[in-house]
Amino acid sequence: MLFRSIGGTAAQSGDPLLAASRIFEAGTLRRRADLLRMCGMLPAGKRLVVEVGSGADAPTLSEHVVEAIKALLRADSTVSVIVLTLNPTAPETVDLALGIPLAAQMHRLPIWVGLDDIAAALSGATAAIATTSAGAHLAEALGTPVVAVEAAAEGPFAGVPILANEPAEQLAALVAHGKP
């Protein structure tokens with residue numbers, strides 16, 4: 001949490017990730033993105049970033065969400081999917097199996113990347129799907145259109161659209177127009 005002194009008292013002002021756009025300068029994000037591209041982990045062009053949780057309590061991507069991602073990739077072969085986690089030390093609980101023809105459009109950020117690399121991947125993305133509130137808030141702070149998966153929508157996801165009833169249509173609209 002960020003704290004600010006108001007008249008001698010401290011006031012809480014929300015999630016520190018909301019200040020991400022001021023913490024990560026545009027030049028730094030651009031250089032980190034260039035480095036990730038040189039390593040083959042961040043393709044140029046349209047990107048859908050899927051932030052997956054890690055550990056025993058992590059929400060999973062429903063079969064409907066995975067099918068929506070597959071439908072998006074089939075409809076637009078210029079879109080790449082970047083899979084990342086904000087907690088690389090915990091075991092990954094999401095297996096995003098897209099199948100042989102679509103697997104070439106999917107890239108995973110390795111566990112050695114730092115928060116600056118994650119911010120670089122999110123900052124230039126066309127859209128993001130978040131399974132954690134931290135992932136959703138980071139994407140929003142960096143100006144990336146984001147939706148939360150239905151399983152993760154409870155709790156601190158205020159103001160983040162939920163990918164629920166018609167995920168394929170919502171995801172296509174998010175990528176095309178920036179709103180589900």
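Predicted model: local features only at pLDDT ≥ 70, side-chain atom pairs only at ≥ 80, totals over all residues.
Residues are numbered from 1 along each chain as its sequence is written, and side-chain values use heavy atoms, with hydrogens and water left out.

**Stop one: the sheet.** Colour by secondary structure; helices (H or I, at least four residues) and strands (E, at least two) are DSSP runs, numbered from the N terminus. You'll find six strands in an open, parallel sheet, ordered E5-E4-E3-E6-E7-E8. Strand E5 (106-108) and E8 are at the edges with a single partner strand each, so one side of each has no neighbour in the sheet. Strands count as paired here if DSSP finds at least two bridges between them.

**Stop two: E6 and its neighbours.** Select residues 127-130, strand E6, along with strand E3 at residues 47-51: four bridges pair them in the parallel sense. Leucine 48 sits opposite alanine 127 of E6, and valine 50 has isoleucine 129 as its bridge partner in that strand.

Show the E6 side chains next. In a regular strand, side chains alternate between the two faces of the sheet. Ala127 and Ile129 point one way, Ala128 and Ala130 the other, and all are buried (under 20% relative accessible area; exposed is over 50%, partly exposed in between; 1.4 Å probe, protein chains only).

**Stop three: helix H6.** Select residues 133-141. Seven of the nine residues are buried, so H6 is largely enclosed by the rest of the structure. Among the buried ones are Ser133, His137 and Leu138. Just after H6, look for glycine 143, whose phi is positive at about 85°. Together E6, H6 and E7 make a right-handed β-α-β unit: with the strands pointing away from the viewer, the path from the first strand over the helix to the second runs clockwise.

**Last stop: glutamate 166.** Find this residue in the loop between strand E8 (162-163) and helix H7 (167-177). Glutamate 166 counts as partly exposed because its relative accessibility is 45%. Finish by selecting valine 65 too: the two C-alpha atoms are separated by 9.1 Å, with the residues 101 apart along the chain.
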